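Keep the viewer open as you read.

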Amino acid sequence: MGSKYKIRDQSLPYFVSFATVYWLDLFIRNEYREVLLDSIRYCQKEKGLEVYAWCIMTSHVHLIIGTSGNKMEDILRDFKSHTSRMLRKSIAEHPQESRREWLLWMMERAGKKNGNNKGFQLWQQDNHPIELWENYMRNQKLEYLHQNPVVSGFVSLAQDYVYSSARDYAGEKGLLEIKFLE
């Protein structure tokens, strides 16, 4: 990871995005999205992860996060490692997963290409954390994150997308506990 993409100040919120290998459209099933949500909840409770905004798309995740506990880079590393194992297991065991063999093969293929892995890889290596040190950048990334499902044509209004914090920012209750950006 180059010096441009490092978490330097743990007291600031960061915008991070990470995608599946080959941009696989994995998160089209609620069961797979729940693996991510459960892991985020665990990191909030046990590791001090602060979630300001989030959005799960079909092949990638956007977060605006901070920490009151563990280092953000450690939380992200553990989150990605845990979710990749849990999602691999969920894919293998899902009775209606018509793409099972192909998805597992793609993950195995990616893992073999990367010497850092042990036989499979679900997430691309990088997170590209962007420090949100000023309100303009915070608002820009918040808007981008919440408009992602609108631009992709999934919904007409950001708050109608269930797998996003846009509902919270519209005054409704979302799926995760969040801290609002100030």
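**From a hairpin to a helix**

A hairpin connects β2 to β3 through 3 residues. The model is a predicted one. Stay with this pair for a moment.

Now turn to β1. This strand, residues 14-19, also runs antiparallel to β3, and 6 bridges join the two. Tyrosine 14 has isoleucine 65 as its bridge partner in β3.

How many residues of β3 are buried? The count is 8 of the 8, across residues 60-67, so the strand is largely enclosed by the rest of the structure. In a regular strand, side chains alternate between the two faces of the sheet. Both faces of β3 are covered. On one side sit His60, His62, Ile64 and Gly66. On the other sit Val61, Leu63, Ile65 and Thr67. Buried here means under 20% relative accessible area.

Next, helix α3. Its 14 residues, 100-113, reach 20 Å from first C-alpha to last, close to the 20 Å expected at 1.5 Å a residue. Which residues of α3 are buried? They are Leu103, Met106, Met107, Ala110 and Gly111. These residues lie on the same side of α3 because they cover an arc of only 135° around the axis. An α-helix has 3.6 residues a turn, so residues three or four places apart point the same way. The buried residues of α3 pack against α2, residues 72-93. On the other side of α3, Glu101, Lys112 and Lys113 are exposed.

Notes. Residues numbered from 1 in each chain as written. Predicted model: local features only at pLDDT ≥ 70, side-chain atom pairs only at ≥ 80, totals over all residues. Heavy atoms only, no water. Helix = DSSP H or I, 4+ residues; strand = E, 2+ residues; numbered from the N terminus. Expected span 1.5 Å × (residues − 1). Buried < 20%, exposed > 50% of the residue type's maximum accessible area, 1.4 Å probe, protein only. Arc of directions from axis to C-beta. Contact = heavy atoms within 4.5 Å. Pairing = 2+ DSSP bridges.
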